[in-house]
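Me: I have a model open on my screen and would like to walk through it with you. Could you help me read it, one question at a time?

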Amino acid sequence: MIPKVILGQGSTRGLVRYLFGKGQANEHVDPHLVGSWNDFAPDPGRSPHRDPKDVEKQLAAQLDQPVRMLGDRAPETTFWHCPVRAAPEDPILTDAQWADIARRVVAAAGIAPDGDEEACRWVAVRHADDHIHIAATLVRQDGRRPQRNHDKRAVQKEARQIEADYELRRLKAGDGTAAKRPTSKEHFKAKRLGQDSTAREVLRTRVRRAVAAADSEAEFFVLLEATGVTVRLKLAPSGDALGCNFALPGNVNENGEPVWSAGSTLAPDLSLPEIRERLTTTNPGPPAARPGNPWHQATAATERIPRHLTAPDDHAAQGHLVVLGETLDLLPLTAPHAARADLQEATSAFERATRSRITADLDSTRVLRRSVQAILRDRPQDKDGAGFAMLLDAALTAVAFAAHWHRTRRHAQQEAAAQQALLHLHAAYGQIAEPVLAGLARRAPAQQTQNRLAHHLRQAAPEYAERILNDPAWDALATVLAEAETAGHNAATVLDQVMGQRTLDDAHNPARALTWRIRRLSQRHTPSPRAEAAKARSTAQRPAPLTHRAAAAPPLPRPRRSR
């Protein structure tokens, strides 16, 4: 159940007219009162022998009376408006149930405490099955102001209790960093136009992608223009941009004017100052040329995220969640068509997991950001899709750690968002990885070679060996090991290297994770005999490094969902 507190000035006449009108898209059905401060307020929806306009005027006058009595001493903010909406899967509540909910909400807000006969005047209007609107004036009947300190927080807390009492969908407690939800008006407009998403949701997606792909503020605006987003800057007298509003072509109001949305109303981190700070921190200057495969670089950087999420620096961890979200924002643009829908769902879900009250430190996130930008910009070769599959495999583990990180910090909404993203990522991963693994398995080496490679595996990773050998992905792993040998690598050395670089404890599937890591390592230049000899001497002269497990590593379930 979602309540939303809105404050207004002046008379309640316009609000009453809207609540009992047809709505912007004729979405208001049978508007009528379900409750009021005295239980017998005039009801424009249930007065068949009177002109509804006259009853609306009478109702607004009665609501406004305590405010008018104060004259010049009336407060600047005069009325309180709170839509309360049930979840789509909730049962349809009766008028009596909605009336009880309205009384509990105004009591929790301090508008009309239980038993207070001099409290503020209020009404609850129902014009749809799934929600009501509560309208109240902010002067008590005894002329005093209501005590509504922290009313938004109090209303949300009461909503959680109402959900439990009425056995409704239980929402997670928030921390004030969630993006603004589309309004009923926006949903009805999208439905009327035959669109799957509201203009607000489309704008949020396009602005987030432009931030993720841009190297500078100037490029950010160029990318927005290229995706059809119109930008209106708010300028200071000096000419410097202080903020910006966004609009979509064709999304106009009743006067034919563009519907503008400020960046901060799309999401708290999409205001121009927030965007500018992120671009400045993650792109301090022209990047030096870095040889290598961007798919491999992005995968390696993503594999390091769990380490940051189990370290004591929460600010750095939050920064890596921001850039992980940017990575997911851009993946649908380069994904195979069959996986795009699930990847977009994962992106939309994980967006909520990228923000918390913890300030993000982005200093150590540049490698991942630039690598993913290079993938989007240069479209490096990825013939069989293995590059995408290995990056998505690493992202799965990182998102699982993100859910664990949020859970340990009691970020309920963010944890739920990460878990939801995992469901869609698993579905997308299956569509992308299975064909790649099947293609590798078809090239599996002879049994004798597999037996020799299995021996090397048991020596390099004895605690995982039997699990990997019994995994369907073993044939694919044997193929990449055999191909590494063909390229001049030593299979035993490659296995020792990948196991020494990072444990498999946090991998959701050790066989697949090892396949991608060996594929990545084996595609580097083959070391010369002199380099191998030097490395062997260096290794012999120093003690072997201890392999340690990542602290507090979360379990990695393989969630299923009905398709």
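This is a predicted model: local features need pLDDT of at least 70, side-chain atom pairs count only at pLDDT 80 or more; totals for chains, interfaces and linings use all residues.

**A walk through the model**

Reply: Happy to! Residues are numbered from 1 along each chain as its sequence is written, and side-chain values use heavy atoms, with hydrogens and water left out.

Me: Is Q414 buried or exposed?

Reply: The place of Q414 is in helix 16, residues 412–441; helices (H or I, at least four residues) and strands (E, at least two) are DSSP runs, numbered from the N terminus. Buried means under 20% relative accessible area, exposed over 50%, and partly exposed in between (1.4 Å probe, protein chains only). Because its relative accessibility is 2%, Q414 counts as buried.

Me: Which residues does Q414 touch, not counting those up to four places away in sequence?

Reply: Contact means heavy atoms within 4.5 Å. By that rule, Q414 touches D175, T177, R352, A353, R355, S356 and H406.

Me: Which side chain is joined to that of D269 by a polar contact of 3.3 Å?

Reply: D269 lies in the loop between helix 8 (263–266) and helix 9 (272–282). With 10% relative accessibility, D269 counts as buried. Leaving aside neighbours within four places in sequence, its contacts include R208, T354 and R355. The side chain in the 3.3 Å polar contact with D269 is that of R278.

Me: What is the C-alpha separation of A213 and R377?

Reply: A213 belongs to helix 6, residues 199–213, and is buried, with a relative accessible area of 15%. Beyond its neighbours within four places in sequence, A213 is in contact with E219, L223, L330, Q373 and L376. A213 and R377 are 164 residues apart along the chain, yet their C-alpha atoms are separated by 8.5 Å.

Me: How many residues of helix 12 are buried?

Reply: Helix 12 covers residues 314–334 and reaches 31 Å from its first C-alpha to its last, close to the 30 Å expected at 1.5 Å a residue. That expected span is 1.5 Å times one less than the number of residues. At the start of helix 12, a side-chain oxygen of D313 reaches to within 3.1 Å of the backbone nitrogen of H315. Helix 12 is mostly covered, and of its 21 residues the buried ones number 18.

Me: Which residue caps the N-terminal end of helix 21?

Reply: Helix 21 (residues 510–522) has 13 residues and spans 18 Å, close to the 18 Å expected. It is mostly covered, with 13 of its 13 residues buried. At its N-terminal end, a side-chain oxygen lies 3.1 Å from the backbone nitrogen of A511, and the capping residue is N509.

Me: What share of the residues in the protein chain is buried?

Reply: The protein chain has 22 helices and nine strands. Its C-alpha atoms fill a box of roughly 95 × 55 × 45 Å along the principal axes. Among contacts between residues at least 6 apart in sequence, 73% join residues at least 24 apart. Of the 563 residues in the protein chain, the buried share is 49%.

Terms used. A polar contact is a pair of N or O atoms within 3.5 Å; within protein, one must be able to donate a hydrogen and the other to accept it, and residues adjacent in sequence count only if both atoms are side-chain atoms.
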